[in-house]
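Thanks for coming. I will go through one structure today, a piece at a time, and I will give each cut-off as it comes up.

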Amino acid sequence: MPQLIKNGAVADNTWERVTMETAADSVLGADTGAQVIVPLAMWMAEKDSLTASDKSIGVWLDSEDDPYELGDEAANLPLIALDFPVFRDGRPFSTAAILRERLDFKGELRAVGDVHRDQLFYMQRCGFDSFELAEGEDVATALSAFTDFTTNYQSTVTEPTPLFRRRQA
Amino acid sequence: MYIYDKYDHQMLQDRIRQFRDQTQRFLNGKLTPEQFLPLRLQNGLYIQRLAPMLRVAIPYGMLSSRQLRKLASIARDYDKGYAHFSTRQNIQYNWPQLEQVPDLLAELAEVEMHAIQTSGNCIRNTTTDQFAGVAPDEIEDSRPWCEIIRQWSTFHPEFAYLPRKFKIAVCGTANDQAATQVHDIGLYIKKNDQGEIGFQVLVGGGLGRTPVIGSVINEFLPWQHLLSYLDAIMRVYNRFGRRDNKYKARIKILVKEIGADAFREKVETEYRHDKDGPATLTQEEVDRCKAYFKDPAYEDLPDTDNAVAEAANTDLLFHHWLERNVAQHIKSGYRIVTLCLKETGVAPGDVTDGQMEFIADLADRYSFGEIRVTHEQNVVLADVRVSDLYELYRACKQEALATPYLGMLNDIICCPGGDFCSLANAKSIPIAEAIQRRFDDYDTLKNIGDITLNISGCMNACGHHHVGNIGILGVDKKGEEFYQVTLGGAADRETAIGKVLGPSFAQEDMPEVIAKIIDVYLENREDGETFLATYNRLGIDPYKERVYATAD
């Protein structure tokens, strides 16, 4: 089974991610496993049948997608994946923060796509807690990325209290 | 000056360790050049025409003498014995070796300096007016606010991969020497009727290919909400700024495309969520930062000195220097002295290791050990006793640092251009030198008076050509270097973008073209008019007629 990083440790990737090229019907059929991540557009169009199935359904967003489209239902999803089409595209950092801070999403927030070791620390600070690394990256050695920095100045998703308030304490 | 505490030191050490590891992985072939690119850029490292170029941040232009000595020793040990002050209050080394950069960064850290976010698509060094804290026309010292912004912007996890670079300027003086209105975010410190401090917020200013003056989106942002509001602006830009075209990716294009009102709406929507949240600044934090910028131990001194006045009567060059390079100070008996780094034959902004050490010594002796660098690529000693001025002047003269040209035609802002920069279309330094040689007589320069002449070697506009009273832009025409001239730009409170005069000129024609433009001014000016005032009254046509009439 392919591996990823979840909550700071190496774990099996038990979810299967499908694209819009896959028909919504077949997502619910026997071709896919029990945990499926569907694209936002499919979720918006087929929400009812997807939630009615006995499979676990997660949703993935392209870097252009608007997380607010998920609305209050974001809070009920078990997993949301955000795709980095290329690692320089920084939009998912903001999308992650919006999901955590504004839409009260508490489930697994996964970085997928062009995800590399040197972006992991910032991703984690923005609320990602699982990471499917790009090809060629070694999952075990990438774990060291989470200790690149000991602290940070700003108010972040993982540490909302900025340093200036902690300094005073 | 701000002094690092254990947290600041820790994060800087973390960064060096991280970059050492990244450099090693790149050299071992484990990081591709493409992957390494944004990592090295966010540590100020470019791969340039001749060698790597390392840009070191000088936060809001402030340096201690100890820091400047370190910069000098780095120039000696890692470079060819000199460095270059940029137009953004940074300093650049043009010859370091990639393998040595982590060691160089470790040396910088010893004096609380770094190259963090001096390049790349992230929030860059925050800049301000070099007279902050000592200008008589100041509302409030901008430096504590700059330091607060420096910390907020450093390693901000959400905004390290923006559509494009992002520059913030803060200004608390009436005059504005920070070119605040041509920054991605410009912040003017204001005081309301109740005496409370806040910020007028401008967004979407910038130079480059599309010069734009920033739009005001908030007339008075109470200081407590500064960081929440900046977060909101950054989030809107990060999400909606264009990423399909590098030349349309700056925030100015987004603000233009959707309009300042729509942009403000988006920011306000974000801001409403965060307002009064944990990012809200506290009085304690502001007081903590302000404590680092308290007045030095000024003495109570008379505002005049007989010996200095006498020297000014007998030493004409000193008299000129006093007139041009010495400004009023908020405190009686003190003056702000600008050392003009525009000696003819030396690239504007270049300093040798020896000059840096010399300036550090001057700062210790005459200005409480502090130095400021300016976006005009000069160096300021901000707290000089009036009675020391002549002694200081004579010392500067020995090191060719007493050029009395400040704010004159020879005080040219100039990017490194085609001699060093791989982006440049044309050389800029030789143009500056040719103009300086054409106008080398003090009386002529004095007669011309206040004027700004800015040169950029390409559209990226590092030399701020759009906002020079006279702007010169290097362009490439079928492989040959030509120069386009703009007139009427300004970078102060009345910021203006210059207008293109007409077709571009060959390099050798440039001094005469400038001479003709100056002639039109001198022949037409009315009582006390500056170059800019005459231009604004006459319009561009008389200049055009003169320059192109004989060029045919």
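**A loop, a helix and what surrounds them**

I start with Asp315(B), which sits in the loop between α10 and α11 of chain B. Helices here are DSSP runs of H or I with at least four residues, strands are runs of E with at least two, and both are numbered from the N terminus. This is a predicted model: local features need pLDDT of at least 70, side-chain atom pairs count only at pLDDT 80 or more, and totals for chains, interfaces and linings use all residues. Residues are numbered from 1 along each chain as its sequence is written, and chains are lettered from A and ligands numbered from 1 in the order in which they are written.

Tyr390(B) belongs to helix α13 of chain B, residues 389-398, where the buried residues are Leu389(B), Tyr390(B), Leu392(B), Tyr393(B) and Cys396(B). They are on the same side of α13(B), because they cover an arc of only 160 degrees around the axis. The arc is taken from the directions from the helix axis to the C-beta atoms. As a reminder, an α-helix has 3.6 residues a turn, so residues three or four places apart point the same way.

What do the buried residues of α13(B) pack against? The partners, all in chain B, are helices α10 (306-314), α11 (316-325) and α12 (353-366), with strands β11 (326-328), β12 (334-339) and β15 (379-385). Contact means C-beta atoms, placed from the backbone, within 7 Å.

Just after α13(B) comes Ala400(B), with a positive phi of about 55 degrees. Ala400(B) is in the loop between α13 and β16 (413-414) of chain B. Ala400(B) is partly exposed, with 14 other C-beta atoms within 10 Å.

**Strand β5 of chain B**

In β5(B), residues 90-93, Asn90(B) and Gln92(B) point one way, Ile91(B) and Tyr93(B) point the other way, and all are buried. Strand β2 of chain B, residues 52-57, runs antiparallel to β5(B) and is joined to it by 4 bridges; Ala57(B) has Asn90(B) as its bridge partner. Strand β4 of chain B, residues 82-85, also pairs with β5(B) in the antiparallel sense, over 2 bridges. Pairing requires at least two DSSP bridges between the strands. Here Phe85(B) is partnered with Ile91(B). The hairpin of β4(B) and β5(B) has 4 residues between the strands, and in the turn Gln89(B) has a positive phi of about 55 degrees.

**Where the chains meet**

How many residues of chain B are in contact with chain A? There are 29, against 30 residues of chain A. On the chain B side, α1(B) gives the most, with 6 residues. By class, that side has 12 nonpolar, 10 polar and 7 charged residues.

**The core**

The largest nonpolar core has 207 residues, and Val59(A), Ile80(A) and Ile233(B) are among those with the most contacts inside it. A core here is a set of buried Ala, Val, Leu, Ile, Met, Phe, Trp, Tyr and Cys residues joined through C-beta atoms within 7 Å. Helix α6 of chain B, residues 226-240, gives the largest share of this core, 9 residues. Leaving aside neighbours within four places in sequence, the contacts of Val59(A) include Trp43(A), Leu70(A) and Ile80(A). That is where I stop.

Methods. Buried ≥ 20, exposed ≤ 12 C-beta atoms within 10 Å, placed from the backbone. Contact = placed C-beta atoms within 7 Å. Nonpolar A, V, L, I, M, F, W, Y, C, P; charged D, E, K, R; others polar.
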